[in-house]
Every structure is written in structure tokens, then in C-alpha cells.
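Could you walk me through this model, feature by feature? I would like to learn how to read it.

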Amino acid sequence: MSSRIVHIASNTFREAVRDRVLYNLIVFALLMSGASVLVGQISIDIERLVVINLGLTAVSLFGMVIAIFIGIGLVSKEIEKRTLYTVLSRPVRRWEFIVGKFFGLAGTLAVNTFFMAIGVFVALLYVSRHFQKQDGWVLVALYFIILQFLIITALALFFSSFSSPLLSAVFAFSLFVIGSFAEDLRGFAGITHGVTRWLATGAAYLVPNFSALNVISSVAHSQPVSGQLILYNSAYALVYAAMALCGAVLVFERRNLK
Amino acid sequence: MAAIEILGLEKTYAVGFWRKRPKCALRPLNLTVQDGEIFGFLGPNGAGKTTTLKLLMGLIFPTAGSARILGMEVNDPRMKAQIGFLPEQPYFYDYLTARELLDYYGQLSGVDPKQRSRKVTEVLQRVGLPDVGGVQLRKFSKGMLQRVGIAQAILHDPKVVFFDEPMSGLDPMGRREVRDLMVQLKHEGKTVFFSTHILSDAEALCDRVAIIHQGELRGVGAVADLTSSVHGRVELVWQGNAVPGSLRALGAECHVTGDTVRAVLSEANQDAAIDALRRERLQLISLTPVRTSLEDYFIQKLQPTGTTVGARA
């Protein structure tokens with residue numbers, strides 16, 4: 001990887017840390033502590049299920065909010081504040097800037113997820129008193145959540161490369177919501193006919209398939225995740241994120257900076 | 001050797017809701033800046049100075065034409081490693097300290113890691129900010145940010161430096177320091193290209209200037225040539241506040257300031273005027289030919305084609 005990409009990624013990470021993005025971890029910690037204590041009092045034998053469901057859903061939502069709201073500003077904010085001028089007037093190629101920004105935010109989300117994962121496991125230990133073998137699947141669910149972050153970060157960057165922050169947020173959030181029901185959309189496409197079928201099928205395969213990357217419920221019920229699914233989801237997420245990133249680069253390479 | 005070669009560079013934006021209305025920001029511009037020059041790019045606000053600089057930095061793309069810096073295309077990273085750029089009213093990552101920012105820019109410019117810290121210290125010293133390297137930029141005043149901007153532009157020892165309104169936001173002392181710095185850069189063999197609408201700065205600093213207005217190049221030349229034209233008029237200055245009547249009869253325009261009088265009149269009446277002063281026993285301080293100031297030239301070039309202002313055509 002080009003050293004300039006590493007420097008841009010490091011600076012993006014430093015910006016997120018200094019802008020107190022990681023303060024969300026405090027809210028998450030409070031949420032997990034409260035939930036663990038509450039669950040222990042009101043549920044019988046399903047404490048583990050509730051903590052995994054609640055914890056992983058919170059990890060996913062917190063991360064998505066960060067990915068969207070920081071991702072949409074990664075390029076537009078730099079153009080708006082003109083900080084980009086002194087970067088692109090150096091020997092930095094535009095694609096290096098985009099890729100550096102992507103890895104910077106992806107790194108921030110990975111660190112954030114790591115600390116949240118610790119919180120989930122601590123809460124799990126608190127309600128179960130000991131770890132079980134099937135708790136290992138929680139790690140797979142967390143891995144899938146990080147894959148979702150990669151996709152949404154790349155999409156937010158893509159929208160940010162040509163659109164205003166507000167519109168970028170609307171686009172990215174809409175894709176997150178629609179993508180969470182991608183399997184349902186594919187099912188709907190299967191039962192329609194004619195033009196509707198074509199349109200529904202096209203839309204179903206165009207939006208990111210977040211529902212395939214969501215195994216929170218099955219992991220909470222101690223159901224294993226197949227190696228094939230891990231492999232398929234990894235390839236899918238990496239290809240999708242790479243394509244969105246290529247789109248962002250293609251748009252940004254041609255953009256006049258105001 | 002030409003440091004900067006601009007050939008028919010043109011920029012037209014599409015404006016309006018449907019982006020169908022063309023707006024010309026820069027008409028075909030041809031300009032050459034020689035190696036080692038301090039070159040002033042002058043024009044009123046909105047003339048096209050910043051557009052030209054953005055085109056040269058590869059921040060926007062030309063509608064037509066091309067430019068080469070140090071013989072290389074404007075998007076060539078090898079060229080960009082050898083230039084420095086100060087944007088107009090620069091804004092930096094305000095969560096960083098001045099040292100961190102300069103270190104980051106040093107990394108991006110490929111400055112040797114072993115020398116980076118030393119270079120950052122030196123450049124902070126050079127722009128008059130030796131004691132605030134550890135302070136976050138969000139606590140900096142406008143003038144201090146301008147100095148940081150100049151520091152980041154020269155940090156990596158570039159061959160060509162582009163400054164967009166470098167005196168903006170600086171107090172008189174700061175402006176003087178920046179002027180001195182630009183002269184130092186020239187003595188170090190660097191080419192300095194700067195845009196400004198402060199003509200006194202350009203007159204004091206530049207080897208050559210170009211004047212741009214409404215996106216069109218209106219004139220280019222050496223400052224010494226543009227300001228040395230004699231118009232057949234002379235200026236006399238003498239001690240006292242008395243103006244001999246015979247001098248007024250010669251058509252002199254007289255201005256009394258304190259205990260000196262300035263009179264401008266035709267060169268043909270110069271001897272008669274001196275005789276008149278002698279007769280009145282007034283002490284002549286100076287007699288100089290009237291020269292065109294850069295301001296005269298600038299104002300004249302800003303007029304619509306076919307119109308003239310002042311004595312110089």
C-alpha cells in the first residue's frame with residue numbers, strides 16, 4: 001500500500017478520535033451494563049439470547065450511524081473547508097486520497113467494534129457466569145458486522161464524492177434499510193411477473209445484501225454459521241465495497257473542486 | 001528556462017439549474033514565468049486569479065489549453081513534489097497542532113522522515129511561529145493560520161512556490177515579514193508566483209507582473225518597464241508653503257503639505273519654473289520626472305478596450 005494512503009488513513013483515524021467519535025463507547029458501555037443487570041432480573045434462561053441480540057444489534061447500529069455520518073463528510077467536508085487544496089497540491093493522487101479516507105474510517109470502525117465486542121463479552125460473562133463453546137459464533141457475527149461497515153463506508157464515500165452531505169446521508173441510510181430487507185426483496189421479485197419482476201430483481205441485486213450479513217439472531221440461538229457462508233459473505237462484501245470505492249474514485253477523479 | 005508555461009488555458013463553467021448556461025471564468029490564457037522570478041498575478045476580486053491557480057494545482061480541470069510546471073504536466077506527482085501552494089484564506093485540520101499538521105504535510109510531500117522534525121522546527125521559526133508548534137490550530141488567529149499556510153508551502157523546499165493572496169489577514173509587520181520571505185525565496189533560486197490585488201506589494205516585490213480582469217489577460221511585463229515611462233511631465237518639491245503666481249501661470253498643479261510644496265508641470269516649462277523659485281528665493285528640494293506607477297498601469301488595463309485613463313496610453 002502506498003505510504004501516502006497510510007498517512008491519510010492515520011490522519012482520518014486521528015480526526016475521528018479527536019472529534020470524540022469514540023465517546024459513543026461510553027453510551028454503549030452504559031447500555032450493556034444496564035441491559036445485563038435488567039435482563040438478569042426479568043428473564044429466565046434467555047439472558048444469553050437477549051444479551052447477544054441486544055449487544056450485537058447495538059454494535060451494528062452504533063457502527064452504522066458512525067459509518068454513515070462520518071463517511072458522508074469524508075470528501076464533502078474537505079472540499080467545503082478547502083483542506084483538500086493543500087493535500088491534492090502535493091504528490092497525492094486523487095484515488096489515494098479516497099482509498100486513504102476509506103481505510104481511515106474502516107480502521108476507526110474496527111477499533112470501535114473491538115471495544116464494543118469486549119463490552120458484549122463482559123455482559124455475556126456477567127449473565128451466564130461462564131463462556132460457552134457456541135459463544136465463539138458471536139465473533140463470526142461481529143466479523144459480518146464489520147463487513148457491513150466496509151460496504152456502508154464505501155457507499156457513503158461514493159455518495160459523498162458527488163452529492164451534498166444531507167443527500168448522501170439519505171442515500172446511504174436508505175440503502176442500509178433496503179439492504180437489510182434484501183432477501184425479502186429477492187423473494188418479492190420471485191413472485192412478480194413482467195417488468196415488475198425485472199425491476200424488482202435488478203433492485204434486489206443492486207442494493208447491498210445486508211440481510212445475508214446479519215446472523216445475529218441465529219448466533220443468539222446458538223446456531224452455527226457455515227464456513228461457506230463466511231467465505232461467500234467475505235467475498236461479496238469485499239467485492240461490493242471495492243466496486244463502490246471504484247465508483248467514488250471514478251467520480252472524484254473528474255470532479256472540479258469548488 | 002521557463003518554470004511555468006501556460007498555453008491557451010481556459011475554464012468555462014456550466015451554470016444555472018439545468019447547467020446549460022456557460023460562464024467563462026478564464027479566457028484562453030498564455031503566460032510564461034521564468035525560473036527564479038517573482039511573478040505577480042494581479043487583478044481585482046473575481047478576475048480569475050484563483051481559477052488560474054486552481055487549474056495549475058490540478059484542483060479543477062481546464063475546458064481547453066494546457067499548462068506545464070518545471071516542464072511537467074500539472075497532474076504529474078513528480079512535479080507536485082517540487083512545488084508549494086498557499087491557497088487563499090487557508091483552512092487546515094484544526095484538530096491538529098501546527099507541528100502535527102506540518103509533519104503530516106511533510107509525509108505527503110515525501111520529506112525524509114529523519115529530517116522531517118528538524119525541517120518542521122526550522123520552518124516554524126522562519127514564519128515567526130517558533131513557540132506555538134504544540135498548540136492546536138483551532139486556537140490560532142487568522143494571521144497565525146496564514147503563517148502556517150506559508151510554512152506548509154515551503155516546508156519541503158519546493159522549486160516553485162504559488163501563493164494566493166499571501167498578505168491576506170496579516171498585520172503590517174506580518175506583511176513586511178512575508179515580503180522579506182519572498183525575497184529570500186528568490187535569493188535561494190526559487191520561482192515565486194503570487195496573486196494579489198495589493199499593488200504596493202507587487203510593485204515592491206515583483207520582477208514581472210500580469211494583469212487579469214474578467215478572466216482575460218490584460219497586460220504583462222517587467223515592473224521596471226511598466227513604472228519607468230516618462231510622460232513629459234516633471235515634479236518639483238520645494239521648502240515652504242508659498243506658491244509663486246508665475247508658476248501657476250505655467251500650468252503647474254500645486255499641493256501644499258506642511259512646509260513643503262509639490263508641483264507637477266510640463267517638462268518644457270521646467271527651466272522657467274526653477275527660475276521662478278530662484279526669484280522668490282525658495283529652496284528647491286527635488287526635481288524628478290513623473291513616472292507611471294503600477295497603479296496607473298493597473299487602472300488603465302482594467303478599462304474597457306479603447307478607453308484610456310491618465311496620461312499613459
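This is a predicted model: local features need pLDDT of at least 70, side-chain atom pairs count only at pLDDT 80 or more; totals for chains, interfaces and linings use all residues.

Q: How many helices and strands are in chain B?

A: Helices (H or I, at least four residues) and strands (E, at least two) are DSSP runs, numbered from the N terminus. Chain B has 11 helices and 14 strands. Its C-alpha trace spans about 75 × 50 × 40 Å along the principal axes.

Q: What percentage of the residues of chain B count as buried?

A: A residue is buried if 20 or more other C-beta atoms, placed from the backbone, lie within 10 Å of its own. By that rule, 38% of the 313 residues of chain B are buried.

Q: What is the strand order in the open sheet of 4 strands?

A: Strands of a sheet pair through backbone hydrogen bonds, either parallel or antiparallel. Two strands count as paired if DSSP finds at least two bridges between them. In chain B the order is S2-S1-S4-S5, with antiparallel pairing. At the edges are S2 (21–34) and S5 (72–73) of chain B, each pairing on one side only. Within the sheet, S1 (residues 2–15) and S4 (residues 64–69) of chain B share 5 bridges, and Glu10(B) stands opposite Ala64(B) in S4(B).

Q: Which strands of the sheet does helix H1 of chain B touch?

A: Contact means that the C-beta atoms of two residues, placed from the backbone, lie within 7 Å. Helix H1 (residues 49–57) of chain B packs on the sheet and touches S1, S2 and S4 of chain B.

Q: Where is the positive phi in the hairpin of S12(B) and S13(B)?

A: Gly258(B) takes a positive phi near 60° in this hairpin, which has 2 residues between the strands. S12 (residues 253–257) and S13 (residues 260–266) of chain B pair in the antiparallel sense over 5 bridges. Glu253(B) has Val264(B) as its bridge partner in S13(B).

Q: How many residues of chain A are in contact with chain B?

A: On chain A there are 20, in contact with 22 residues of chain B. H1(A) gives the most to the chain A side, with 5 residues.

Technical notes. Residues are numbered from 1 along each chain as its sequence is written. Chains are lettered from A and ligands numbered from 1 in the order in which they are written. A residue is buried if 20 or more other C-beta atoms lie within 10 Å of its own, exposed if 12 or fewer, and partly exposed in between; C-beta atoms are placed from the backbone. Axes are lines fitted to C-alpha atoms, for helices over the stretch in contact, and angles run from 0 to 180 degrees between N-to-C directions.
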